Amino acid sequence: MAYVEGFVVAVPEANKAAYRAHAHAEAAVAMFREYGATRMVECWGDDVPRGTVTDFWGAVKAEPGEAVLFSWIEYPSKAVRDAANVRIMTDPRMEALSAAPFDMKRMVMGGFEMILDA
């Protein structure tokens, strides 16, 4: 079954267009596919409720004027994802895409073994 690398990040609402053009959106899709990604999904928060104990907002320490973005990249396997990450992080094209329109320190990310795909 596929392997998923996902992340949640707070992005200033004024930077929505800049985010779409950023490395984790349109500009890097071809590079991620070149290194084995089979699918890349970017989701701009539209109905993200605030929780009483925890929530997406708190996970990324979202501030007023920011939106929560949820994203994932699918790979055929964890081994393909691991190899892709090494290649992507050493690819010179990533340097040109490094100016993120959000605070990278507040990104929450991880790799997930898929257990259901219905």
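Residues are numbered from 1 along each chain as its sequence is written. Because the model is predicted, local features need pLDDT of at least 70 and side-chain atom pairs count only at pLDDT 80 or more, while totals for chains, interfaces and linings use all residues; side-chain values use heavy atoms, with hydrogens and water left out.

Helices (H or I, at least four residues) and strands (E, at least two) are DSSP runs, numbered from the N terminus. Strands of a sheet pair through backbone hydrogen bonds, either parallel or antiparallel. Here, four strands form an open sheet in the order E2-E3-E1-E4, with antiparallel pairing; two strands count as paired if DSSP finds at least two bridges between them. Strand E2 (39–44) and strand E4 (108–113) lie at the edges, each pairing on one side only. From one strand to the next, the twist averages 15°. Strand E1 (residues 3–12) and strand E3 (residues 66–75) run antiparallel and are joined by 10 bridges. Within this pair, Val-11 has Ala-67 in E3 as its bridge partner. Helix H4 packs on the sheet and touches E1, E3 and E4, its direction making about 115° with that of E3. Contact means heavy atoms within 4.5 Å, and angles run from 0 to 180 degrees between N-to-C directions, with axes fitted as lines to C-alpha atoms, for helices over the stretch in contact.

Charged side chains come next. A salt bridge is a side-chain nitrogen of Lys or Arg within 4 Å of a carboxyl oxygen of Asp or Glu, and by this rule there are six. One of them joins Glu-5 and Arg-81, whose closest N and O atoms are 3.0 Å apart. This pair links distant parts of the chain, since Glu-5 sits in strand E1 and Arg-81 in helix H4, 76 residues apart. Both Glu-5 and Arg-81 are buried, a word that means under 20% relative accessible area, with exposed over 50% and partly exposed in between (1.4 Å probe, protein chains only). Arg-81 also meets Asp-82 in a salt bridge (2.9 Å, N to O). Asp-82 counts as partly exposed because its relative accessible area is 32%.

Finally, Asp-91 is found in the loop between helix H4 (78–90) and helix H5 (92–96). Asp-91 counts as buried because its relative accessible area is 7%. Leaving aside residues up to four places away in sequence, Asp-91 touches Met-31 and Tyr-35.
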